[in-house]
Amino acid sequence: MTATPERDMAAYWDRAGRVWVEHQALLDRIMAPIAEAVVDAAGPVNGERVLDVGCGSGATTFAAAWRTGPEGHAVGVDISGALVELARRRAGEDGIEGVEFLLADAQVHAFETPFDAIVSRFGVMFFPDPVAAFANLRRAIKPGGRLAFAAWRSPEENPLSLVPLKAAAPFLPSMPAFEKDAPGRFAFADPERVRTILEASGWRDIQIAPLDVASPLTADELMTMSLRVGPLNPILKDADAALRGKVAAAVKEALEPYVTKGVAEMTSACWLVTAEG
Ligand SMILES: C[S@@+](CC[C@H](N)C(=O)[O-])C[C@H]1O[C@@H](n2cnc3c(N)ncnc32)[C@H](O)[C@@H]1O
């Protein structure tokens, strides 16, 4: 078994960030309810300071900024230059006040002014040292401040990740696997691991609840998500056209049962995690 190549996170997200930039509108549409659920759980109000960790192109930061208002401050932090650049451009184009984007590693960055709340939509599963990272985030929050983030549950509960990988496996040198407990999209699938990490980094009142969000996709979007955005993307990055063609055909066939009248009613199976600093 080979691991999905998510080891060197800065290099990984430098490349993956450009893919996310390309598909920003699709990703934001599918994941909008998850940003709302995370921001609702953190409950920021007018005038507060909120940090969005692994903010990507800024959707969750913007959702927080609507609550904190022009007198508040919503700060997005990300290690992908391409995504931070897009987030800054969107903030400027949409004239959103009270937002700022930092290009920095949230595991180690020394945040200057403390926050009332920290939020994240799928941006906290990639830390090489999660206990150090969450301890750093706890130092960035006011006493009693709120943490809320969404993380993926298991690959088995998220067929959009698993089905394309399994379909591609016969054409790959070895079956790619999601490493349990290693940095990557499924690093927080085990809720007990999440609890242990948060407790070890000093967070209190930890709550972990399932969050299932309907993510309808057209058949074309389903293929884009499977081949371009999902876990097959880094695996196929050096593949020739013939291999790509075979994998695409196998993935299409494997996903057919999920498509009815041109639409796939996929579900995003997540954990909604909250804690107090
Ligand atoms: C799955 S994407 C989610 C992006 C965004 N939150 C969204 O929902 O659209 C994960 C994000 O985490 C960022 N990231 C990974 N490790 C990070 C770190 N150590 N510090 C800051 N950002 C990080 C990546 O660059 C990427 O933008």
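## Terms and model

Axes are lines fitted to C-alpha atoms, for helices over the stretch in contact, and angles run from 0 to 180 degrees between N-to-C directions. Helices are DSSP runs (H or I, at least four residues), numbered from the N terminus, as are strands (E, at least two).

This is a predicted model: local features need pLDDT of at least 70, side-chain atom pairs count only at pLDDT 80 or more, and totals for chains, interfaces and linings use all residues. Residues are numbered from 1 along each chain as its sequence is written, and side-chain values use heavy atoms, with hydrogens and water left out.

## Helix 1 and helix 2

Helix 1 (residues 9-22) and helix 2 cross at roughly 80°, and their axes come within 5 Å. That makes helix 1 roughly perpendicular to helix 2 (65 to 115 degrees; under 35 is roughly parallel, over 145 roughly antiparallel, and the rest oblique). Trp20, Val21 and Glu22 of helix 1 make the contact with Gln24, Leu27 and Met31 of helix 2, where contact means heavy atoms within 4.5 Å.

By class, this contact has 4 nonpolar, 1 polar and 1 charged residue. Ala, Val, Leu, Ile, Met, Phe, Trp, Tyr, Cys and Pro count as nonpolar; Asp, Glu, Lys and Arg count as charged; the others, Gly among them, count as polar.

## Helix 2 and helix 3

Helix 2 (residues 24-42) crosses helix 3 (residues 59-68) at roughly 45°, with axes that come within 9 Å. Helix 2 is therefore oblique to helix 3.

From helix 2, Asp28, Ala35, Glu36, Val39 and Asp40 meet Ala59, Thr60, Ala63, Ala64 and Arg67 in helix 3. The contact has 5 nonpolar, 1 polar and 4 charged residues.

## Helix 6 and helix 10

Helix 6 (residues 159-168) packs on helix 10 (residues 241-255) at about 130°, with the axes 8 Å apart. Helix 6 is therefore oblique to helix 10. This crossing is right-handed.

Val163, Pro164, Ala167 and Ala168 in helix 6 meet Val247, Ala250, Val251, Ala254 and Leu255 in helix 10. The contact has 9 nonpolar residues, with no polar and no charged ones.

## Ligand surroundings

There are 18 residues around the ligand; Gly54, Asp78, Asp105, Ala106 and Arg121 come nearest. A residue counts if one of its heavy atoms lies within 4 Å.

A ligand nitrogen atom is 2.8 Å from an N or O atom in the side chain of aspartate 105. A ligand oxygen atom is 2.6 Å from an N or O atom in the side chain of arginine 121.

Notes: A crossing is left-handed if the near helix is turned anticlockwise from the far one by less than a right angle, and right-handed if clockwise. A polar contact is a pair of N or O atoms within 3.5 Å; within protein, one must be able to donate a hydrogen and the other to accept it, and residues adjacent in sequence count only if both atoms are side-chain atoms.
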